Amino acid sequence: MTSPADSANAFVRPDSYLTLHYRIVLNSGPAAGSVFADTFDDRPATLQLGAGQWAPGMEEALVGREDGTQFSIDLPAAQAYGERNPDLLQRVSLDLLAQYTEPGVQFQPGDMVEFSAPNGGRYSGVLKELGDTWALFDFNHPLAGTDLRVDVSLLGVL
């Protein structure tokens, strides 16, 4: 026989709002074994599934899980943030860069730069290289092409 408390356990749905701790560990690439993000030593995070806060494959791995459980999931790059797309490495003229960024800002390779695009959208890219008249940016997600392990502790499911 089950008590009312036993039958009241919540399960993650595709539209759930979660309170959780998570750790994202890189499982491949030059930084394999390093931790990308970790909330276990701080306040828990909140996550609204279906809102684009996590990659769809990462969210799918949460669906059906029970409130209060702890687990780890291994995701290949294709199910996490996708494979790296070489078409997302693009040269931008320094004139264009100056036009769409704050005046006087100096950029160095490795900087994350946010652009206001002519269509009103916003784009972020990592500056890879500076030439005399151009800058090379990588517009791939920072975790694209990387297999991940995600450790999760579900604290609340609404």
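Before I start, please keep in mind that the model is predicted.

I'll begin with strand β1, residues 17–26. This strand is mostly covered, with 7 of its 10 residues buried. It has several pairing partners. With strand β9, residues 148–157, β1 runs antiparallel, and 9 bridges join the two. On that side L26 stands opposite L148. β1 is also joined to β3 by 4 bridges, again antiparallel, and there T19 stands opposite T46 of β3. Then there is strand β2, residues 35–38, which pairs with β1 in the antiparallel sense over 3 bridges.

Next, the aromatic rings. How many aromatic pairs does a search of the whole structure find? The search gives 2. One of them is formed by Y22 and W54, edge-to-face, with 5.1 Å centre to centre and 85° between the planes. This pair links distant parts of the chain: Y22 is in β1, whereas W54 is in the loop between β3 (45–48) and α2 (56–60), 32 residues apart. Are these two residues buried or exposed? Y22 has a relative accessible area of 16%, so it counts as buried. W54 is at 8%, so W54 is buried as well.

Two arginines also sit over rings. The charged end of R65 is over the ring of F71, 3.9 Å from the ring centre. R91 lies over the face of W134, and there the distance to the ring centre is 3.8 Å.

Now to another sheet. It is open, has 4 strands in the order β5-β8-β7-β6, and its pairing is antiparallel. Which strands stand at the edges? They are β5 (89–93) and β6 (112–116); each has a single partner strand, so one side of each has no neighbour in the sheet. On average, neighbouring strands here are turned by 45° against each other, direction ignored. Inside this sheet, 4 bridges join β7, residues 122–130, to β8, residues 134–138.

Last, the record. An unreviewed UniProt entry carries the annotation "domain: PPIase FKBP-type" over residues 15–85. Across residues 15–85 the model's chain is 7% helix and 34% strand. The end C-alpha atoms of that stretch are 29 Å apart.

To go back to one point: Y22, in β1, is the residue that pairs with W54 across 32 residues. That is where I'll stop.

Notes. Residues are numbered from 1 along each chain as its sequence is written. This is a predicted model: local features need pLDDT of at least 70, side-chain atom pairs count only at pLDDT 80 or more; totals for chains, interfaces and linings use all residues. Side-chain values use heavy atoms; hydrogens and water are left out. Rings of Phe, Tyr and Trp (its six-membered ring) pair if their centres lie within 6.5 Å; planes under 30 degrees apart count as stacked, over 60 as edge-to-face and the rest as tilted. Buried means under 20% relative accessible area, exposed over 50%, partly exposed in between (1.4 Å probe, protein chains only). A charge sits over a ring if NZ of Lys or CZ of Arg is within 6 Å of the ring centre and within 35 degrees of the ring normal. Two strands pair if DSSP finds at least two bridges between them. Axes are lines fitted to C-alpha atoms, for helices over the stretch in contact, and angles run from 0 to 180 degrees between N-to-C directions. UniProt positions are given in the numbering used here, feature names are shortened, and annotations may be inferred rather than shown by experiment.
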